[in-house]
Amino acid sequence: MRYSLLGKTGMNVSALGFGCMRLPMKGASVDRDLSTPMLRRAVDLGINFFDSAIGYCNHDSEKALGDAMQGIRHKVFLSTKNGNHQAAPAEWRRHLENSLTYLRTDYLDLYNHHGINWDVFVKNLDPSKDGLTKEMLRAKEEGLVRHVGFSFHDHPDSLKKLADTGIFENVILQYNLLDQANAEAMHYAREKGMGIVVMGPVGGGRLGLKSDTIADLTGGEAKSTVEAALRFVWAHPAVNIALSGMETMAMLEENIHIAETARPFTKDQVAALDRAVAERKKKSGLYCTACRYCTPTCPQSIPIPETLEALNNYLIYGLKDHALNQYAGLNVKSVECIACGKCLDKCPQKIDIPDRMRQAAKLFDKRIGSILYDARFTKVTPAGSFALRVSAQNMTEKPANIDVHAAGADTTVFSRTAARISDIPSFRTKNIVLEGEFTPSLGSIDCSIDLTHESTTETITKHHRYLILRKGLADNWTDGQWLEACPKPEDFSEKKESAALHGMRFKLSYDDAGLLVLANVKDDLLFPSHPDAHKGQLVDGLELFLDGRKPERIGNPSYEYGVSQIALYPGFKDNAPAFYHVWTSHKEFKIDLSSERTGQGYRMRMRIPFSSFCAGDGVPGKIGFDLAVNTADESGRRIAQYVFAGGPDNHQNAANFREVWLA
Ligand code: SF4
Ligand code: SF4
């Protein structure tokens with residue numbers, strides 16, 4: 001094992017560090033029978049730097065590491081992280097003291113702010129403005145912490161600014177074969193005397209996967225992808241430690257073997273590797289620098305650089321499974337590309353983006369070869385007429401014809417019930433508009449649309465229920481004008497047994513100033529007002545999803561300006577009801593909120609000013625809306641979610657919110 005001095009700390013650390021974020025689990029806890037022997041074996045084999053964090057392994061990583069280091073604490077350097085950047089100083093300090101207890105030690109060799117960026121530093125951590133680093137430095141003076149640092153997720157320029165503060169002795173950051181953005185800033189931080197610990201040297205496990213392509217790219221120099229990845233990281237002259245999140249004894253032995261036997265790549269080898277990758281990318285038309293000039297122009301909000309990254313991982317690095325997972329995780333898929341070409345002249349690399357989007361769709365998307373359908377209202381009037389646009393996207397190689405059959409339910413009546421969308425070119429979308437009438441006082445339009453592709457016998461039926469809100473009175477929450485809705489128990493995802501304890505009926509209305517929501521929640525309130533609630537820990541409560549973008553953007557899957565996700569807490573026991581922005585682009589988000597206990601749970605009333613979440617002035621014509629009941633266990637893990645629009649994790653895609661018309 002090679003060792004080096006970690007910046008100016010004086011700590012002589014091993015080139016391979018042990019990241020304790022993926023320790024083997026048994027249920028909700030780290031499996032001590034596996035983790036303790038592995039962590040102790042790591043010490044025997046020469047690893048002397050171990051890094052953890054408060055939340056790792058379901059909050060059990062620090063305890064498992066502390067258990068394993070009993071009797072050998074003096075042989076190792078322990079590092080952990082505190083991510084409570086918005087905490088009061090006393091509470092932040094409590095987390096530090098907890099970490100010392102869990103790690104069973106009197107001092108930490110390295111204590112880090114967890115996952116910071118420049119804005120967080122300025123807002124919450126700057127010691128010259130009484131930020132939490134002051135607390136960190138006090139702990140250092142007291143000897144509880146020997147050295148201070150941070151882990152980092154931001155633009156490389158921010159790393160330079162943080163290095164310039166002269167406060168921090170170490171940074172833990174991302175750098176690997178696939179992501180070299182920090183390469184130059186790492187030199188800078190090193191020159192400022194900081195230690196450099198690289199997390200994700202194997203790209204968060206991506207480079208732990210087999211890829212003959214990567215071995216080829218190294219000219220046969222590396223015998224495995226992991227070897228290539230580690231040797232690449234160690235080749236950076238500023239790097240002290242490659243911090244690997246090892247899960248098994250076999251992984252540990254493999255990494256140790258590489259650390260013992262393989263040398264870091266030479267400068268020439270790294271240059272040759274970079275050249276080979278760049279050549280392949282250029283040849284494949286995939287040389288994306290992630291500048292993002294293209295993304296604001298895309299009417300479909302396709303994450304173009306991320307899609308190209310998945311293509312790169314598949315085609316250039318041969319990381320096929322990883323690329324498929326990456327694509328699956330994207331909010332908007334490249335099948336949504338309508339080949340409008342608006343992105344083309346924005347790309348300095350002259351990438352044929354529409355072509356690449358189609359290539360990604362063909363490689364990754366299971367829907368290729370089929371027809372995608374969508375239906376949305378384009379007009380709803382208070383008098384009770386509507387226009388419904390039905391779109392069909394042809395994802396096959398040939399032109400397609402689609403037969404559409406519309407059927408209204410309750411009082412919804414279409415003026416024509418059958419239509420054809422003809423000659424939809426390959427990989428293009430065509431629409432038709434169906435008009436009809438409904439009875440506004442019933443509060444919804446109900447219909448189903450059957451779509452049949454002529455080349456298949458299969459008919460796809462889509463049911464649509466659109467909510468029509470009418471004006472209500474905020475001081476009369478039982479007024480008959482209110483729309484009342486109740487999600488189905490089947491919507492309760494994950495743990496069915498939780499449905500017995502939870503449920504929701506809610507009422508919606510609006511007045512001139514804002515949206516009015518009354519939620520009646522059946523709930524066991526197991527954990528209703530945890531002190532950490534406002535810092536993101538999940539407790540029993542509600543989530544509110546609002547899409548207040550311009551009408552033509554409502555229903556677009558991406559989160560952007562005008563889409564908000566708010567956590568609401570009933571606040572029983574000591575606290576008043578509270579809300580917390582999980583995600584919102586609006587700086588001044590306001591809710592008038594009240595809550596009360598009921599026999600079976602609680603009731604929350606809220607008025608949300610339109611100005612808080614809507615793009616235009618006054619009452620909007622329509623919004624996207626969803627409401628979810630969350631239920632958590634004592635440790636703040638979500639165990640079930642009950643979503644009005646149906647389906648778990650609804651919030652990850654704004655297209656899933658219910659469309660609500662304010663007639
Ligand atoms: S061509 Fe496709 S990716 Fe480019 S802007 Fe149009 S829809 Fe977006
Ligand atoms: S403009 Fe070109 S290089 Fe920049 S992110 Fe988009 S595709 Fe990549």
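Q: Axes are lines fitted to C-alpha atoms, for helices over the stretch in contact, and angles run from 0 to 180 degrees between N-to-C directions. With that in mind, at what angle do the axes of helix 10 and helix 11 cross?

A: Two packed helices are described by the angle between their axes and the distance between the axes. Here, helix 10 (residues 225–235) and helix 11 (residues 249–261) have axes that cross at roughly 50° and come within 10 Å. Helix 10 is therefore oblique to helix 11; angles under 35 degrees count as roughly parallel, over 145 as roughly antiparallel, 65 to 115 as roughly perpendicular and the rest as oblique. Helices (H or I, at least four residues) and strands (E, at least two) are DSSP runs, numbered from the N terminus. One caution before we go on: this is a predicted model, where local features need pLDDT of at least 70 and side-chain atom pairs count only at pLDDT 80 or more, while totals for chains, interfaces and linings use all residues. Residues are numbered from 1 along each chain as its sequence is written, and chains are lettered from A and ligands numbered from 1 in the order in which they are written.

Q: How far apart are the axes of helix 7 and helix 8?

A: The axes of helix 7 (residues 156–164) and helix 8 (residues 183–191) are 9 Å apart, at an angle of about 5°. That makes helix 7 roughly parallel to helix 8. Pro156, Leu159, Lys160 and Ala163 of helix 7 make the contact with Glu184, Ala185, Tyr188 and Ala189 of helix 8.

Q: Which residues are closest to ligand 2?

A: Cys288, Cys291, Cys294, Pro305 and Cys347 are the closest of the 15 residues that surround ligand 2, where near means a C-beta atom, placed from the backbone, within 6 Å. Helix 13 (residues 304–315) gives the largest share of this shell, three residues.

Q: And which are closest to ligand 1?

A: Ligand 1 is surrounded by 16 residues, with Cys298, Cys337, Cys340, Cys343 and Pro354 the closest. Its largest share, three residues, comes from helix 15.

Q: How do helix 13 and helix 15 pack?

A: Helix 13 and helix 15 (residues 353–364) have axes 10 Å apart, at about 55°, and are therefore oblique to each other. Helix 13 passes helix 15 in a left-handed crossing. Their contact includes Ile304 and Leu308 of helix 13 and Ile353 and Met357 of helix 15.

Q: Where is confidence lowest in the protein?

A: Where pLDDT is low, the predicted coordinates should not be read in detail. pLDDT, the predictor's confidence in each residue from 0 to 100, is lowest in strand 21 (residues 483–485), at a mean of 58, and highest in strand 6 (residues 49–51), at 97. The protein averages 83, and 86% of the residues score at least 70.

How values were computed: A crossing is left-handed if the near helix is turned anticlockwise from the far one by less than a right angle, and right-handed if clockwise. Two residues are in contact if their C-beta atoms, placed from the backbone, lie within 7 Å.
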